[in-house]
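Reader: I would like to learn how to read salt bridges in a protein model. Please start with a case.

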Amino acid sequence: MHTVVERELELGLVLSPERSIPVPARLRYRTDDPYAVHVTFHIGSDSPVSWTFARELLVEGVFRPCGDGDVRVWPTKLDGRSLVCIALDSPDGRALLEAPAAAVSGWLERTLRVVPPGSEQRHLGLDKGLSDLFAMASGDELRPGGPWPADESPEPGA
């Protein structure tokens, strides 16, 4: 079982230094994907636009500019409001979004309480996956001829 931490908020899609339009968005964090954050933008089309990137990038971007490539994040102030800017770049186009820093920080704090930094690997389920794999392998060894089908046995010296 995994936990989901979500937050609906309105971002500003920056069209020019003087103009932006509101874009409803959903921030989502899942403990079964502990390194990532998922952002879904509802842009008035039939299907929403989703982006996935490192939670660490967003955590750092609340405090200082970071990111290289498709996703860049940095803090800024505009008219006395603290904002987090998120620049997205894809083959389909570019977008600059502004989010209220307090809302993003509050949501990130919730994700960090659920999965503290440095503990992400424990939530990947690798131990259970490996146990299941080893259990299947030990069952294969009970077959006559070992774990390989009769026509796929290893060559001598392999």
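**Reading salt bridges**

Author: Asp89 and Arg94 meet through their side chains in a salt bridge, at 3.4 Å from N to O. The term means a side-chain nitrogen of Lys or Arg within 4 Å of a carboxyl oxygen of Asp or Glu. The model is predicted, so local features need pLDDT of at least 70 and side-chain atom pairs count only at pLDDT 80 or more, while totals for chains, interfaces and linings use all residues. Residues are numbered from 1 along each chain as its sequence is written, and side-chain values use heavy atoms, with hydrogens and water left out.

Reader: Why can such side chains pair?

Author: Side chains of opposite charge can pair when their charged atoms come close.

Reader: How many salt bridges does the structure hold?

Author: The structure holds 5 salt bridges. One of them joins Arg28 to Glu6, with the closest N and O atoms 2.2 Å apart. This pair links distant parts of the chain, 22 residues apart: Arg28 is in strand β2 (residues 19-30) and Glu6 in strand β1 (residues 4-16). Strands (E, at least two residues) are DSSP runs, numbered from the N terminus.

Reader: What does Glu8 form a salt bridge with?

Author: Its partner is Arg26, the closest N and O atoms being 2.5 Å apart. Glu8 lies in strand β1 and Arg26 in strand β2, so this pair ties together parts 18 residues apart in sequence.

Reader: Is Arg94 buried or exposed?

Author: Arg94 counts as exposed, at 72% relative accessibility. Buried means under 20% relative accessible area, exposed over 50%, and partly exposed in between (1.4 Å probe, protein chains only). Glu8 is partly exposed at 44%, and Arg26 is partly exposed at 27%.

Key: Helix = DSSP H or I, 4+ residues; strand = E, 2+ residues; numbered from the N terminus.
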